[in-house]
Structures are given as structure tokens and as C-alpha cells.
Amino acid sequence: MSKIEIGVDELLTTTRTVRKRLDLERPVDLSLVSECLDIACQAPSGSNAQGWHFVIVTDADKRRAIGDLYSKAFDAYRDMPISAHALAAGTEPDYRPVMDEVVSSAEHLAVHLAQVPVHFIPCVEGRFDGLTGPMANATHSGAFGSILPAVWSFMLAARARGLGTAYTTLHLFHEQKVAEILGIPYDSVTQVALIPVAYYTGSTFKPAKRRGLDNFLHVDEW
């Protein structure tokens with residue numbers, strides 16, 4: 001599929017988290033995924049180390065095994081105070097419909113993840129689980145800052161090619177088991193996300209409803 005004619009600002013403001021509109025029946029050509037990964041590799045990385053690794057999962061049995069772990073993790077997540085469900089319950093009334101849709105789409109993905117034709121798992125070299133002390137935050141920030149720009153570049157490139165994506169992390173509740181399924185060297189490589197990738201249904205996307213910038217902006221002091 002050729003690229004969509006889309007301006008930079010529109011691309012940045014309409015690259016949505018796609019869950020319900022992922023086409024579970026249409027195969028995704030891996031050459032298209034490779035195009036997106038070539039673009040992702042142009043992202044910055046700390047010290048230009050390029051310590052990223054990209055695992056693409058298309059095997060149905062492996063996707064099913066990962067989907068089962070994701071569903072199990074989602075069952076635990078659902079009752080956590082940080083869950084979308086909890087945030088929706090505590091949000092202001094005029095924003096509640098937005099959060100209710102987030103909950104609904106998250107529940108949908110938890111059921112159907114295994115059916116998504118491509119799972120993209122970005123990884124970074126090293127393990128950082130046990131770090132403590134004053135350097136821990138700097139190390140975590142540097143490590144994830146060396147892979148997440150590439151992940152976002154991939155998602156933008158996918159959007160420009162008619163593919164939908166969603167940034168998820170719940171499979172990390174069972175990261176070691178996923179590593180075993182995929183042969184990822186758990187002791188030396190950290191998984192950072194799981195991005196379901198598929199063509200999206202419908203025509204296009206629009207900017208999301210967001211809270212105003214004045215809720216978040218701090219100039220010169222908090």
C-alpha cells in the first residue's frame with residue numbers, strides 16, 4: 001500500500017491508539033513493517049548506541065500464547081488503582097464518556113490481541129530491574145529514551161501507511177515467559193512494549209479530546 005497523503009501536523013494529531021478498529025482478517029505484508037522499521041532506526045538513541053532490537057511475531061501459536069498472558073495480566077490490571085477503569089470511575093462527568101470508551105476498547109483488545117496479525121515487541125539491550133539509588137532514574141530514563149523514540153517513529157510511519165497500532169505494556173507482567181516463547185535473552189535484553197499492528201477499518205482518525213494545556217503547563221516554576 002502506498003503512503004497516505006497527510007501533513008505532519010495531521011499525522012501527529014491523528015495517530016491514535018487503535019484497538020477496536022484493527023482489522024483482524026486482513027494480512028499485513030511484512031515488507032510494509034520493514035519500511036516502518038527502517039524509519040524507526042532513524043530515531044535518536046543515547047550515545048548513538050542503537051542498542052535496540054525489534055521482534056516481529058506473526059506465528060499464530062506464539063500470538064495465541066502471548067495473548068493468553070496478556071489476558072491474564074489484564075485481569076490483574078483491571079482492579080489496579082492505575083487502571084483505565086479506576087481513572088474512568090474517578091474522572092469528571094464531562095470527560096467520563098472519553099474514559100468509558102478507553103475502557104471499552106482496552107477490554108476489546110484484551111479479548112482479541114491474539115487475532116491481531118502482527119505483534120511488534122521493541123527491546124533494548126541491558127536489564128535495569130534491580131537498579132536503586134541516585135543513578136537509577138537517570139539510567140532508566142536513558143535506556144527507555146533510547147528506544148521509545150524509535151517506537152513512536154514506527155507508529156507514525158505505520159499510520160502513514162494505513163496501519164493501526166496501540167502502545168501496550170501489560171504483557172510485561174509476564175515478560176520472562178514471553179521471552180521464553182520468543183527466544184529473547186531475558187538476562188541481557190529488556191522488552192519495553194507490545195505494539196499490535198494491523199490495517200485499520202474505517203476511513204480516518206481525528207484529534208482526540210484532551211484536557212486543556214493550562215492543566216499541565218508550568219513556566220519557570222511548578
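Contact here means heavy atoms within 4.5 Å, and helices (H or I, at least four residues) and strands (E, at least two) are DSSP runs, numbered from the N terminus. This is a predicted model, in which local features need pLDDT of at least 70 and side-chain atom pairs count only at pLDDT 80 or more, while totals for chains, interfaces and linings use all residues. Residues are numbered from 1 along each chain as its sequence is written, and side-chain values use heavy atoms, with hydrogens and water left out.

Begin by selecting Tyr70, Ser71 and Phe74 in helix 3, which meet Ala106, Glu107, Leu109 and Ala110 in helix 5. The residues of this contact divide into five nonpolar, one polar and one charged, where Ala, Val, Leu, Ile, Met, Phe, Trp, Tyr, Cys and Pro count as nonpolar, Asp, Glu, Lys and Arg as charged, and the others, Gly among them, as polar.

Next, select Lys20 and Glu101, whose side chains meet in a salt bridge (3.4 Å, N to O); the term stands for a side-chain nitrogen of Lys or Arg within 4 Å of a carboxyl oxygen of Asp or Glu. Lys20 lies in the loop between helix 1 (8–14) and helix 2 (30–40) and Glu101 in helix 5, so the pair ties together parts that are 81 residues apart in sequence.

Move on to Glu35 and Arg161, a salt bridge with its closest N and O atoms 2.9 Å apart. Glu35 sits in helix 2 and Arg161 in the loop between helix 7 (148–159) and strand 3 (163–165), 126 residues apart.
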